[in-house]
Structures are given as structure tokens and as C-alpha cells.
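Please keep the sequence and the structure in view while reading.

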Amino acid sequence: MIHIDHERCIRCGLCAKVCPLLCFRLEDGMMQTRHEEYCMRCGQCTAVCPKAAVSLDGAPADTLRELKPLVSFEEFDNLARGRRSVRAFKDAAVPHAALLRALDCARYAPTGKNLENVTWLVVEGRERLRRIADAVVDFSRDDPRMAGVVRAHEAGHDPIFRGAPCAVFALADSKYDLSACNCDIAVSYLELALPTLGLGACWAGFAMRAAIASPEVRASFGAPAGLTPFAGLMVGLPELEYRRIPARRELRVTWLSDND
């Protein structure tokens, strides 16, 4: 429910300007709400109001965390370029407190229609992960691209989770056509957050490909009924320290304008 504190409201119209579904309008000299049933609770109105006059669902705007200055481009650039796909982990459990902080951050990743429909599944322990890896390999046996992975797994290695002590998966209802995109974005947020807390990660691509295609693999995950694991990471304490940023291919851009 949208609430406007008219004593605080200065009728600047910013809530109406920012609302993607036009739930605000200036009427008789006061800001009013309309077709509130279409509100998708994105919070843009509460974020932009200079007087904390707009609240959603009973949460007063002046109780929300104030936005601090964002990191500089140089700081973000260093994080984006410096994160690595970690495939060598210490033989130690992932600290729950650190992982929960990263997950709590990742839940702010954007989702289509602001559905916030991403659910997280954390799987711990190499034996439990090995059982998932067994299911992934069984599914992949007839895929010639996976022949080397199957051989490595059967030789006792761990090409699926790389010996990580933990894996984290983003799940959603497959009936919504942007669920996979929502999960990918959420996991991207998570992957960027983890290095700031001393944790390393790598996308668990083999496991995700199998989970999306196979009910048996999904069952091995132990995921809640009706949810599909669309994206995931192997997570742990990095065994190695990275000192340089590897080179990448040059930027490729196609730029179109009205003059083309």
C-alpha cells in the first residue's frame, strides 16, 4: 500500500515522474495515488522523495537506509576487472556470516516487473556436492562435449565443483519467461560481492546446464518443489592470490544513431 504524508509532501512531483506505472498524480494541489493495484513495489518513489513523504507497505521512508555516495568508477573498475573465476579452494568451510552478507546484498539485484522471485539454495559439504556431481555426470554421459568431464569425474576428480566446500544456486519458477535472466543477474551481483568478503567463486556451468534440462538432476539438488536452479556458483576460501589483471580482447561496439 502506498501512503503519502501530506504534511511532509512539498508537491515536487518527483514520485510521479519516477513511477514506471504512473501511480501518482497532482490533483487539487495535492499528490494523490491512482490504480494502486498496479504498483509493483519497486520503491522508486520512496527512494527519490526529498522529504521522506512516501512510504510503501507500512515502512516509513525515514526508517530506510540512506544512500551513501557510490564507489568511484576506478574502484568499481578494479573490482570488475580483478574478480577471478576461482577453481582452487582451501580445505575450510565457508563462513556463514560472510555468505549471508553477500546474499543479502544480491537480493537487491533487479528482477523483471520487480517480482523479486529469486530464491537461494546453499549446498554445503563435499559428499553432498559429490552426489549432485554424480547426477550431473550421469545426465552428461551421452554428450560428446562432456567426455573428458565424465572421465575426470570417474577417476575421482571433481570437474563439476572443483573441490569447493559449498555451492550457491539461484532458483525461480520456470513459468515466468524472465526467471533465468533474473537468476543470472542475481548471481552476477553475488559473484562481485564475494571477493570483498574474502571469498572466491566460479560459475557452476556444468551443473546448471544439467539442472535446467533434467528433472533427475534438479531432484539431486534438493531444491524446493516448483523451482528450477537457473544459475549458481561454487564458493569457498581461495587457495591462491591473484596479483595481476589478465588481458582481454579489445572492446567491440556497434553504435547506431538517428543519423544512420
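Which residues are buried in H5? The model is a predicted one, in which local features need pLDDT of at least 70 and side-chain atom pairs count only at pLDDT 80 or more, while totals for chains, interfaces and linings use all residues. Residues are numbered from 1 along each chain as its sequence is written, and side-chain values use heavy atoms, with hydrogens and water left out.

In answer to the question, Leu 129, Ile 132, Ala 133, Ala 135, Val 136, Val 137 and Ser 140 are buried in H5. Here buried means under 20% relative accessible area, exposed means over 50%, and partly exposed lies in between (1.4 Å probe, protein chains only). Helices (H or I, at least four residues) and strands (E, at least two) are DSSP runs, numbered from the N terminus. An α-helix has 3.6 residues a turn, so residues three or four places apart point the same way.

The length of helix H5 can be checked as well. The expected span of a helix is 1.5 Å times one less than its number of residues. Helix H5 has 15 residues (126-140), so it should span 21 Å, and the 20 Å between its end C-alpha atoms agrees with this.

Contact means heavy atoms within 4.5 Å. With neighbours within four places in sequence left aside, His 153 is in contact with Arg 130, Ala 133, Asp 134, Val 137 and Pro 159.

The next topic is the nonpolar cores. A nonpolar core is a set of buried Ala, Val, Leu, Ile, Met, Phe, Trp, Tyr and Cys residues joined through side-chain atoms within 4.5 Å. The largest one has 28 residues, and those with the most contacts inside it are Ile 160, Phe 161, Phe 169 and Phe 221. Two or more residues of this core come from each of S5, H5, H6, S6, H8 and H9. H5 gives the most, with six residues. Not counting residues up to four places away in sequence, Phe 221 touches Leu 121, Val 123, Ile 132, Phe 169, Ala 207, Ala 211 and Pro 229. A second, separate core of 24 residues includes Ala 98, Ala 170, Leu 199 and Phe 230.

On a 1 Å grid over the protein atoms alone, a pocket is an open set of points where a 1.4 Å probe fits, with protein on both sides within 12 Å along at least five of seven lines, and lining residues have an atom within 4 Å of a point. Grid points are joined across faces, edges and corners, and a volume is the space filled by probe spheres set on the points.

The largest pocket holds about 2,300 Å³ of space. It is lined by 39 residues, and the closest to its centre are Arg 65, Glu 66, Leu 67, Cys 105 and Tyr 108. Helix H2 (44-48), helix H3 (73-82), helix H4 (96-106) and helix H7 (179-193) each give two or more residues to this lining, and H4 gives the most, with four residues.

The second largest pocket has a volume of about 340 Å³. Of its 20 lining residues, Gly 82, Arg 83, Arg 84, Pro 195 and Tyr 242 lie nearest its centre. H3 and strand S7 (200-203) give two or more residues to this lining, and H3 gives the most, with three residues.

Finally, some residues lie in loops. Lys 51 is found between H2 and strand S4 (54-56), and it is partly exposed because its relative accessible area is 44%. Leu 22 is found in the loop between helix H1 (14-18) and strand S2 (24-27). Phi of Leu 22 is near 55°, a positive value in a residue other than glycine.

The protein as a whole comes to nine helices and eight strands, and buried residues make up 35% of its 260 residues.
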